[in-house]
Amino acid sequence: MISRFSGKWSILILCVLAENEATRFNAIGKAIPDISPKVLTQTLKNHEAEGLISRPMYSEIPPRVEYT
């Protein structure tokens, strides 16, 4: 359990997602201005693989992805 949340940004990202029902990538980046896009992407992918967050994709033009 500790290894899941031991990253520098994990708790902050989960807090941002907990405040909002569905949040887009750029909104998360704006809420945490010191995080790089690469680290944000890696952390979101890890949390999705662990089942902590979901990433629904909408078939729209342009494609839309939200994190919950």
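Predicted model: local features only at pLDDT ≥ 70, side-chain atom pairs only at ≥ 80, totals over all residues.
Residues are numbered from 1 along each chain as its sequence is written, and local features need pLDDT of at least 70, while side-chain atom pairs count only at pLDDT 80 or more and totals for chains, interfaces and linings use all residues. Side-chain values use heavy atoms, with hydrogens and water left out.

Helix α3, which spans residues 37–50 (helices being DSSP runs of H or I of at least four residues, numbered from the N terminus), has 14 residues and reaches 20 Å from its first C-alpha to its last, close to the 20 Å expected at 1.5 Å a residue, where the expected span is 1.5 Å times one less than the number of residues. Its buried residues are Leu 40, Thr 43, Leu 44 and His 47, and because these cover an arc of only 100° around the axis, they lie on the same side of α3 (the arc is that of the directions from the helix axis to the C-beta atoms). Here buried means under 20% relative accessible area, exposed over 50%, and partly exposed in between, with a 1.4 Å probe and protein chains only. On the other side of α3, Lys 38, Lys 45 and Ala 49 are exposed. The helix is followed by Gly 51, whose phi is positive, near 85°.

The count of salt bridges comes to 2, each defined as a side-chain nitrogen of Lys or Arg within 4 Å of a carboxyl oxygen of Asp or Glu. Glu 60 pairs with Arg 64 at 3.1 Å, N to O, and Arg 64 pairs with Glu 66 at 2.9 Å, N to O. Glu 60 is partly exposed, at 37% relative accessible area, as is Arg 64 at 22%, whereas Glu 66 counts as buried at 13%.

Conventions. Helix = DSSP H or I, 4+ residues; strand = E, 2+ residues; numbered from the N terminus.
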